Amino acid sequence: MNNRLSLEFGQTFVRIPIEKSPHIFHGDALETDWSELLPPGDCSFVLGNPPFVGAKYQTPEQREQVRGIAALGKSGGTLDYVAAWFIKAGEYVNGGDARIGFVATNSITQGEQVAQLWPVLFGRCKLEIAFAHRTFAWGSDARGKAHVHVVILGLDRRKGARAEKRLFSYPDINGDPEESRHTALSPYLFDAGGLSDLHLVVREESAPINGMGRLISGSQPIDDGEYIFNAEDRAELLEAEPVAAQFLRPYVGAREYLQGGERWILALQDASPTVLKVLPRVRERMAAVRRFWSKSKRKSTLAIADYPTRYNVEVIPTAPFLVVPKVSSERREYVPAG
């Protein structure tokens, strides 16, 4: 690189390796006091692409970081890892006039995360949305890298916020945006100019507000796959132990409901010791589940480790029921149900 640079400009350059880095700090951004690197009053912009990492995929250490920074109470909510950067940046810029711009998962502008994150940014950090790119597909040329759906959010301190907010919408999430301008933007990334409360969020409720029955999740055996069978595995078990047929029930998830195919699950809740005694293969699976549960760090799992005929979450239908798949294609214009 030194040689190429020298040839390009006709004089000698020796700049690599770079030996001086007076304004670079190497460390965990969430564990660092940013003002020690640069006083907030000397900062103009805080920008970047922080790590996303959904709540269920965070390490225990990452989860503790988010909980500590968000300070939402015992549960800590279900915030993506990227949310901690927004809060950290918001608290930092309150000591100056810097603007914030981050690429983020679109989930912090949808669903339950909005009511967890944005009151902190609006209230504690006193920020306003300055500009936003609504959901678009962000690809990568790297081999094996999946496209992710992201948003870009620009935030200003409220006392220095600009009167006009810019919103970029993507009719085609793989295409170019269309720009519109507004007096205020909602955390759901639409025009909030007509709202009496510009910071309105939809908060989580424990039961439907219209009095109808609650949606609940289906059975979750958390069995390391011991109790779940495809058609071939089921046939093999029944050939060896025909008596087990009474305990095999259809196990329908989003994939089976939407795309077809079949899975089966061992439902041993009502199996008597006398019957289980003549089912050695079934007992082997029970023993494997017991060993798997006994290694868990979850108290609820350890509590049932001695009862391998149970599931961690048991929802066993005895009457017709309405099903709504949790995961569905983004190409659908409606949520399938049946």
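The paragraphs below look at one helix pair and then at salt bridges in a predicted model. Local features here need pLDDT of at least 70 and side-chain atom pairs count only at pLDDT 80 or more, whereas totals for chains, interfaces and linings use all residues. Residues are numbered from 1 along each chain as its sequence is written, and side-chain values use heavy atoms, with hydrogens and water left out.

Helix α3 (residues 60-70) and helix α4 (residues 82-93) have axes that come within 9 Å and cross at roughly 35°; helices are DSSP runs of H or I with at least four residues, numbered from the N terminus, and the axes are lines fitted to C-alpha atoms over the stretch in contact, with angles from 0 to 180 degrees between N-to-C directions. Where the two helices meet, Val66, Ile69 and Ala70 of α3 face Ala84, Ile87 and Lys88 of α4, contact meaning heavy atoms within 4.5 Å.

The structure also holds 13 salt bridges, each a side-chain nitrogen of Lys or Arg within 4 Å of a carboxyl oxygen of Asp or Glu. One of them joins Arg281 and Glu236 at 4.0 Å, N to O; Arg281 lies in helix α9 (residues 280-294) and Glu236 in helix α6 (residues 231-240), so this pair ties together parts that are 45 residues apart in sequence.

In another salt bridge, the closest N and O atoms of Glu256 and Arg263 are 3.0 Å apart. Glu256 is buried at 14% relative accessibility, while Arg263 is partly exposed at 26% (buried means under 20% relative accessible area, exposed over 50% and partly exposed in between, with a 1.4 Å probe and protein chains only).
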